[in-house]
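Q: Could you walk me through this structure, taking its features one at a time and giving the general idea before each case?

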Amino acid sequence: MSIDKDLQTREIYTKAVCGKGRKFSQVTNTVTPPHAPTSILGAWIINNQYEAVKSGENVEVVGTYDINIWYSYNKNTKTDVAKETISYVEVVGLSFLDKRHKPITAEVSAVATQEPNCVEASVSSRGDSVIVRVEREFKVEMIAETKVCVVVSANGCNDFDDKHVEFDDTGSDDYEDLDPDLLDDDLN
């Protein structure tokens with residue numbers, strides 16, 4: 001049996017997730033078609049392209065997407081499609097950040113958990129453009145070298161080959177009231 005003074009530790013540098021963040025946002029974009037729109041027949045956002053860039057203790061998601069507006073004009077007698085490319089920068093704060101990481105080794109990535117999506121499109125009050133409300137959400141991660149501390153066995157890894165771990169069975173019976181059919185449904 002070991003006592004605390006017999007424990008040895010080592011500090012190891014490893015790459016690990018050292019920062020995480022998530023941001024949901026709503027933005028408004030304006031598209032000005034070549035003809036004054038009478039009504040909006042459809043609005044789509046396509047071709048979302050982005051990259052993640054480290055910026056201090058934040059991650060900037062820098063990207064573009066195309067807004068396509070199908071609209072009628074000339075008192076609903078003609079239709080056309082207007083296309084506009086929108087550039088954006090979304091600053092995502094890191095809600096978790098390991099301060100002990102080596103900043104020079106940091107690499108960031110972003111995933112669109114909700115691609116930019118048109119929630120509402122309407123003709124502006126002046127009648128010459130279309131106001132488009134867009135929702136989007138990004139999740140970001142920062143991977144970097146950091147230091148972790150591990151406990152070292154004096155006899156090496158072979159010291160654990162013949163060990164058996166027992167769990168105390170004196171816990172409460174919290175799970176007896178669970179309906180097993182509900183659990184099966186959740187797994188499928």
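**Strands, rings and surface**

A: The model holds an open sheet of four strands in the order S5-S1-S7-S6, paired antiparallel. Strand S5 (96-97) and S6 stand at the edges with a single partner strand each, so one side of each is left without a neighbour in the sheet. Strands here are DSSP runs of E with at least two residues, numbered from the N terminus, and two of them pair if DSSP finds at least two bridges between them. This is a predicted model, in which local features need pLDDT of at least 70 and side-chain atom pairs count only at pLDDT 80 or more, whereas totals for chains, interfaces and linings use all residues. Residues are numbered from 1 along each chain as its sequence is written, and side-chain values use heavy atoms, with hydrogens and water left out.

Q: How many bridges join S6 to S7, and what lies between the two strands?

A: Strand S6 (residues 107-123) runs antiparallel to S7 and is joined to it by 13 bridges, one of the bridge partners being Ile131 in S7 for Ser122. The two strands form a hairpin with six residues between them, and in the turn Gly127 has a positive phi of about 85°.

Q: Which residue takes a positive phi in the hairpin of S3 and S4?

A: That residue is Asn74, with a phi near 55°, in a hairpin that has four residues between the strands. S3 and S4 also run antiparallel, joined by 16 bridges, and Asp66 has Thr85 in S4 as its bridge partner.

Q: How is a pair of aromatic rings described?

A: A pair is described by the distance of the centres and the angle of the planes. Rings of Phe, Tyr and Trp (its six-membered ring) pair if their centres lie within 6.5 Å, and planes under 30 degrees apart count as stacked, over 60 as edge-to-face and the rest as tilted. By this rule the count comes to four aromatic pairs. Tyr50 and Phe138 have ring centres 5.1 Å apart and planes at 70°, so the pair is edge-to-face. Because Tyr50 lies in strand S2 and Phe138 in strand S7 (residues 130-152), this pair ties together parts that are 88 residues apart in sequence. The pair of Tyr65 and Tyr88 is tilted, at 5.4 Å centre to centre with 35° between the planes. Tyr65 lies in strand S3 (residues 58-73) and Tyr88 in strand S4 (residues 78-93), so parts 23 residues apart in sequence are tied together. Ring pairs link Tyr50, Tyr65, Tyr88 and Phe138 into a cluster.

Q: Is Phe138 buried or exposed?

A: Buried means under 20% relative accessible area, exposed over 50%, and partly exposed in between (1.4 Å probe, protein chains only). At 0% relative accessibility Phe138 counts as buried, whereas Tyr50, at 28%, counts as partly exposed. Tyr65 and Tyr88 are both buried.

Q: Which residue lies over the face of Tyr88?

A: A charge sits over a ring if NZ of Lys or CZ of Arg is within 6 Å of the ring centre and within 35 degrees of the ring normal. Arg136 lies over the face of Tyr88, 4.4 Å from the ring centre, and the charged end of Lys102 sits over the ring of Tyr13, 4.5 Å from its centre.
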